[in-house]
Amino acid sequence: MTLQQQIRSNRFRSSIVVLGFALLLLVLAGLIGLVLDLSLGAVALAIALVYAIFALLRSRSMIAGMTHAQPLGEKELEPLRRLVENASIGAGLPVTPELRLVDDAAPNAFAAGLRPEKSYVGVTTGLLRTMPKRELEAVIAHEISHIRNRDTYLMTMATVFAGVIALIADIGFRSIAYGGRSRKAGGLVVVLAIVGFILAPYAALLLRMSLSRRREYLADAGAAEILNDPEAMALALRRLELDSTTIRYADASTAHLWVESPTDRVDSERRGVLALSSLFNTHPALADRIEALQEAGGFRLPEGIPAEQPFAAELGLM
Amino acid sequence: MLWLWIVVGVAVVLAVVLTLGYNRLVRLRNEVETGWANIDVQLKRRADLIPNLVEAVRGYAAHERGVFDEVTKARAALQHAGTPGAAADANEGLTVALGRLFAVAEAYPDLKASENFLQLQEDLTDTEDKISAARRYYNSTVMHFNTAIQSIPWLLIAKPLGFRDKEFFSAQGDTALPQVSFSPAT
């Protein structure tokens, strides 16, 4: 698949996601209307729309807020900014995304923004303290390729809609639970509606998670192509695998944004017991991602990881 | 009547396929052009840094005229290069000439420590990194474009439509090309 095909297939997926969520939303509103009151269904739908529009408009700063990403000053961390510039030139992006810093000991990075021109890349200070230049470049290229592939757009849409679904389901659930007497339909329909309201947020979550897992493989491959160095990406993932610090501001709602899953690191261990839980992972296991890179690039990483000077030393941060 | 409908149907399908394919080729060609513009910007930036660098070194080593001439000539060659291949060669030539200039600078500790010189050196390194990043992107767009017009059916009709193979940005004797494309695992 060429890059343009990927981008188009991603745009297509985005519209499917939007359509799917819209459908889910209509069904929920319909359920509310059916069980309780038609006007209540309309009100719920209106609330959902307003919420969605507001969330989309504010998504940029909301994500910055949730991840605690700080914008940098004019000349601050110039060498790091140059890595971002070079990765975006290598990716053929028309503009270099803004760079933001997350003060956190866990090594991780993320990308956000609806359009490439308005996107930004966030890296944690822990990442700078862990990764040598070559691997840091690979992680940045991974984020840049999320932006280039329009993954950030797709995932922002998915996140916002998942939030809306949860909100509507909650409204429906509460109206049934507390508005008992105004019920119109009886028995079976009510039970169905309740089940629907309970399951809908999970359906939304599932859709969102399955989307983001595939994206990770694509972004890894993209980073390998941008730098023409698949080994750097694999090494970076290996280094993340060996690190066990978790991010402080980890939040399920932003989990899919990061290069390595910030929350579900225990999932790989409990997979045997609860195989279903892997459906809810935002990221494939790091080992699988390394394996995919090795296969595509035709190389094998040696055991262990070379001890190298982290980039933070070059930046004078250590 | 049936055969008429079949002919019309085939013609319509053919027209649609051709239109879509043609648009794809145009898009790929535009990508190559954008990719080239990215390299060009950085090459210009590199050429623009040279006069200041030469002046900075001349201030300490005015007698090294041969080296300055060589660098100036290499810069002019880069500015007048007409094709991507020629530009890559000229860029390589400039790298060699600059290597000599920096070797001269080695002998002057005052020069090497001067703020101006350090800044120029850093800018130059940055530009070189950016040229290699832009080159990776450009060469991958060229590869996609060339592959597209060399495959059937475009092999037969690309030339009459004005699509010609694009040149890689690679100096002669450069074996690092073309790069591997990493198809993602699904």
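Student: What makes α3(A) and α5(B) roughly parallel to each other?

Tutor: In this predicted model, the axes of helix α3 (residues 78–91) of chain A and α5(B) come within 7 Å and cross at roughly 25 degrees. Angles under 35 degrees count as roughly parallel, and α3(A) and α5(B) are therefore roughly parallel to each other. The crossing is right-handed.

Student: Which residues of α3(A) and α5(B) meet?

Tutor: On the α3(A) side they are A:Arg82, A:Glu85, A:Asn86, A:Ile89, A:Gly90 and A:Ala91. On the α5(B) side they are B:Asp126, B:Asp129, B:Lys130, B:Ala133, B:Ala134, B:Arg136 and B:Tyr137. The residues of this contact divide into 5 nonpolar, 2 polar and 6 charged.

Student: Why are α1(B) and α5(B) called roughly antiparallel?

Tutor: Helix α1 (residues 2–58) and helix α5 (residues 115–150), both of chain B, have axes that come within 8 Å and cross at roughly 160 degrees. Angles over 145 degrees count as roughly antiparallel, so that is the term for α1(B) and α5(B). Their crossing is left-handed. The contact of α1(B) with α5(B) has 20 nonpolar, 8 polar and 8 charged residues.

Student: How do you know that A:Arg150 is buried rather than exposed?

Tutor: A:Arg150 has 22 C-beta neighbours inside 10 Å. A residue is buried if 20 or more other C-beta atoms lie within that distance, so A:Arg150 counts as buried. A:Arg150 lies in the loop between α5 (133–148) and α6 of chain A.

Student: Why is A:Asn228 called partly exposed?

Tutor: A:Asn228 has 19 other C-beta atoms within 10 Å. Buried needs 20 or more and exposed needs 12 or fewer, so A:Asn228 is partly exposed. A:Asn228 is in the loop between α7 (187–227) and α8 (230–242) of chain A.

Student: What is the phi of A:Arg150, and what is that of A:Asn228?

Tutor: Phi is near 65 degrees for A:Arg150 and about 55 degrees for A:Asn228. Most residues other than glycine have a negative phi. A:Arg150 is not a glycine and its value is positive; A:Asn228 is not a glycine either, and its phi is positive.

Student: Which residues have the most contacts inside the largest nonpolar core?

Tutor: They are A:Leu28, A:Ile140, A:Phe161, A:Ile165 and A:Ile168, in a core of 111 residues. Helix α6 (residues 151–178) of chain A gives the most to this core, with 13 residues. Leaving aside neighbours within four places in sequence, A:Ile165 is in contact with residues including A:Phe21, A:Leu24, A:Leu28 and A:Pro201.

Conventions: Residues are numbered from 1 along each chain as its sequence is written. Chains are lettered from A and ligands numbered from 1 in the order in which they are written. This is a predicted model: local features need pLDDT of at least 70, side-chain atom pairs count only at pLDDT 80 or more; totals for chains, interfaces and linings use all residues. Axes are lines fitted to C-alpha atoms, for helices over the stretch in contact, and angles run from 0 to 180 degrees between N-to-C directions. Helices (H or I, at least four residues) and strands (E, at least two) are DSSP runs, numbered from the N terminus. Angles under 35 degrees count as roughly parallel, over 145 as roughly antiparallel, 65 to 115 as roughly perpendicular and the rest as oblique. A crossing is left-handed if the near helix is turned anticlockwise from the far one by less than a right angle, and right-handed if clockwise. Ala, Val, Leu, Ile, Met, Phe, Trp, Tyr, Cys and Pro count as nonpolar, Asp, Glu, Lys and Arg as charged, and the others, Gly among them, as polar. Two residues are in contact if their C-beta atoms, placed from the backbone, lie within 7 Å. A nonpolar core is a set of buried Ala, Val, Leu, Ile, Met, Phe, Trp, Tyr and Cys residues joined through C-beta atoms within 7 Å.
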